[in-house]
Amino acid sequence: MGFEVITFVKSSWVNPMWKRFGKITGEQKKELDGLRDEFVDPEVYRGLYIEPYFQDRNPADAHQDELISAAQQPAFERINGFLRGELPLEKDGRHQMFILSDAGMGKTSLLLMIKLMHLTSFWPRGYNCALFKLGEDTLERVAVLKNKGETVLLLDALDEDPKSWKRIRERLLELLLASEDFRRVIISSRTQFFPEMEPDRLGRAEIKVLSGYHCPVLYLSPFSDEQVQEFIQRKLPLRWYYWPFLQSRIKKKRAKATVLLEHMQDLRMRPMLLQHIDKLLAVECQQEWNAYTVYEALVDEWLNREVRKIRGQYKDRRVPERKELFHACLRVAEAMERQGVRIIGEDGLQQLVREDENIGWVEKFELGGRSLLNRNSERAFRFSHYTIQEFMLAWGIVNEQLAEQKPVHITGQLLHFLELSGQLPDRLHLIDIEIVTEDFSIAVRLFASCKTVSHIALLSNRIDWIAKSLTNKAGNHVLSCLKLSQDVRSALKSSTLFRRKQRLKEVETKINDQRNRLDILHDNEASAFSSILDNWYRIIEAACTTLHNSIQEDFEIRQVYLPGQPLEPDKAGSLFKGRRDLFHQIESLLFSAQPPTLVMQGGRRSGKSSVLRYLPKQMPSDILPLFVDCQGMAVSSTLPGLARHLAHQIIESSRTTHRLTLPPPNEEELACDPFASLLEWLETIEQAVPGKTFLLCLDEFERIDQIVTAAGSYVPLNFLRHLIQHRRRWLLLFAGSHTPEELAPHWSDCLINTRSLRVSFLDKDDAVELIRRPVEGFPEIWLEAAVEEVWQLTQGQPYYIQLIGQEVIELLNREKRRQADAEDVMAVLPTVFVRGHYVFDEFWRALSEEQRTLLIALAEGKAVPPNLHTTAALIRKEILAQENDGWSFRVPLIQQWIIRNG
């Protein structure tokens, strides 16, 4: 009787398997429904699944490219060879295999495909297959299975099993003992979570913590470039019957996908991310792709799509913004992590909804195959891949948005996300590192993530347990670094800067000594820690340099000028100069019998915003100026968005400027009829704050035009006109850079009964005060000739005074000098033009072609043809000044810039 060759899995079965898939009935149908509940709907792999390869060595090992390439073998071929062998005589683990890979490499999908081939009756008769996600009840589920000797047991995601956290060795022994009677066992896990491997006395690789077991261990290979391209072609199929325009569109998408994946480097080799390539194609990433930014883009695009769908279904309700849904999903992910589960039921979700009503919108998501959040038959929720849940937690840690501040369970992938975010050292207090496998590589990654001396100092508080758990030489390296960390922490507590620097210098010496000792060794651990010490030395050296500069502060001029930033009274203080006449004019107009609407006009960077921010300090207590930044409002494209932003700014300005807590508007009414609701809300404010007059200061008010255009409605302007005409306790001050002639025609109907105010240049006394004494206690660094030179160049334009002042201080500090003369002012002009590039460029682009031509000719001393319309406009803009025999530049610095750049 010949030996019968049996087959369990085979590459050529994949396509026929899908044809049988829809015909599954009876008990097999129940099993399939169970897989959908516990894992994912297998339909997501139809037509897309590509067989991976196995290799015997970890792909992450360096300098193994040729060996790895030669050892690769198709996954189904290797698994089939493993499954069809007989039961071993000894129960030493040879029939219990581990499959390892990084996150998103296809471990779960591979086990699902094996199980699907069984469900679709491709397996030989008499053999059974059971697939479980490892968890709290796994041992009980395994124990009740019948006919173990003819059953293949598949156990997925050891790294996600709460029973393995902090007790990986004990859990592995439990699983191996519970499954030793099965024909074959395959257990999957992330490589980083799995214990160390080491050769036994015969040279065979064995699991370090399981001496005596000889379980085979295989690694999933990353996709090759050919597999990546094949996946793109399957994901973006090009059918022969497509219309030419559709074929062209798909070809462009394929080309874009190829370029995108090239930028993603090694991440493109992960099937889980390739599965979502269509989402990534819809994202324009302005930063370098890495695992953190890729997953952030995936989640953002998914939630943006959900927001659009929900808005289409619930047009009469306020729908949360993407950011609010992001936080809702974060709450779900955090709840799962805190409870140590992968799913959350309806009761658990409703508990979260009571804490944050936005979480209720999760139930409105389209929870199909493309969603990153799925729902099983028992209406419980889970993320489509555990990596999505880990990213959500990482994002919450990075942005300090967790609901609870106690540390969360840390996985290798979550740790990787934190490393890529650049925030790992600053967030050590939010992660429970001790749960991670006791591997010195965790310490190495944490040590290597340090960027500042504060990061180094913090480490000794958080990971001293690692040194205790490692008794080998790697543990000694960790312990040495922790001692250095303690020394840095102690140095930072020194009472004087000089002593702090001195003690950090002592740490530098210790690092040098330790590096010299490591140079004698030639093992991988020594090399890793030598690199860490090099980085720490550079960090501490830079800190010592900073301390040295601080110690020498008496010889350094403080940098106090703030060009380009609106001055805040509580921060800038006396840096704000002049404008007394303007404040007096505003006060007189507001206290007239019938106060007019005020329109304050001035060129860009003339100080309008600073005037508005300082206005509350100049007004009597019964007038409350409320600052509203219309430039920020322009991010809204809808009327409810504009109304919500306006209300928010009024509330914030009242709180920060006047210490008033105003009642919020009704959100539902605001969404339905925004400006009618705002009018009712203003009445509520009047009742809450009796006896006060509100001065609504709309900075950059021209930006409202953008919303009027986007929304196709003049309702915001009608709202403002209503305030002007009918609300006596609400006065309006419009501040902008446009002259009346430059405003859109519809403003003429809104700006009725107005008085114009001009924000011009500082007069000479105030300008000289700004140059000489920008703040209290500023040293006498300006010689008279230098002050005059700055005045002549700027003619009192405050932005240019501050820009020149800033660069002169930089020059003096570089050259260790204490006083500036006229030559220094002229010497910094090239740098002034570079630092102020965007301001000068904005000024130039705002001019018409005729105005530019005239200014260039005038700057170069050429004859200027008379053009009354053009010159009149430039005079109104305070660019030119009228002279007896012609025109001159109002600000000579502008002339200098045009000569160099025009």
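Between which two elements does the loop that holds Asp-102 lie? Select Asp-102: this residue sits in the loop between S3 and H5. Before moving on, note that the model is predicted, that local features need pLDDT of at least 70, that side-chain atom pairs count only at pLDDT 80 or more, and that totals for chains, interfaces and linings use all residues. Residues are numbered from 1 along each chain as its sequence is written, and side-chain values use heavy atoms, with hydrogens and water left out.

**Stop 1**

Element names follow DSSP runs, numbered from the N terminus (helices are H or I runs of at least four residues, strands are E runs of at least two). Asp-102 has 27% relative accessibility and counts as partly exposed. On this scale, buried means under 20% relative accessible area, exposed means over 50%, and partly exposed is in between (1.4 Å probe, protein chains only).

Next select residues 96-101, strand S3. Six of the six residues are buried, so S3 is largely enclosed by the rest of the structure.

Two strands count as paired if DSSP finds at least two bridges between them. With S6 (residues 184-190), S3 pairs in the parallel sense over six bridges, and Ser-101 stands opposite Arg-190 there. With S9 (residues 217-220), the pairing of S3 is also parallel, over three bridges; Leu-100 has Tyr-219 as its bridge partner in S9.

**Stop 2: two loop residues with positive phi**

Go to Ser-121, in the loop between helix H5 (107-119) and strand S4 (128-133). Its phi is positive, about 65°, although the residue is not a glycine. Ser-121 is partly exposed, with a relative accessible area of 48%.

Then select Asn-147, in the loop between helix H6 (138-143) and strand S5 (151-156). Here phi is near 55°, a positive value in a residue other than glycine. Asn-147 counts as partly exposed at 48% relative accessibility.

**Stop 3: strand S16**

Select residues 693-699, which form S16. Six of these seven residues are buried, so the strand is largely enclosed by the rest of the structure. S15 (residues 623-629) pairs with S16 in the parallel sense over seven bridges, and Phe-627 stands opposite Cys-697. S17 (residues 730-736) pairs with S16 in the parallel sense over six bridges; the partner of Leu-696 in S17 is Leu-732.

**Stop 4: salt bridges**

Side chains of opposite charge can pair when their charged atoms come close. A salt bridge here is a side-chain nitrogen of Lys or Arg within 4 Å of a carboxyl oxygen of Asp or Glu. By this rule the count is 50.

Start with Lys-505 and Glu-508, whose side chains form a salt bridge of 3.3 Å, N to O. The two are three residues apart in helix H21 (residues 497-520), which puts about one helical turn between them. Lys-505 is partly exposed at 38%, whereas Glu-508 is buried at 5%.

Move to Asp-766 and Arg-580, where the closest N and O atoms of the salt bridge are 2.9 Å apart. This pair links distant parts of the chain, with Asp-766 in helix H33 (residues 764-772) and Arg-580 in helix H24 (residues 580-590), 186 residues apart. Asp-766 counts as buried at 9% relative accessibility, and Arg-580 is exposed at 53%.

Then select Glu-842 and Arg-605, a salt bridge with its closest N and O atoms 3.6 Å apart. Glu-842 lies in helix H38 (residues 837-845) and Arg-605 in the loop between strand S14 (597-601) and helix H25 (608-618), so the pair ties together parts 237 residues apart in sequence. Glu-842 counts as partly exposed at 25%, as does Arg-605 at 33%.

Finish this stop with Lys-577, Glu-769, Arg-772, Arg-773, Glu-780 and Glu-784, which salt bridges with shared partners join into one network.
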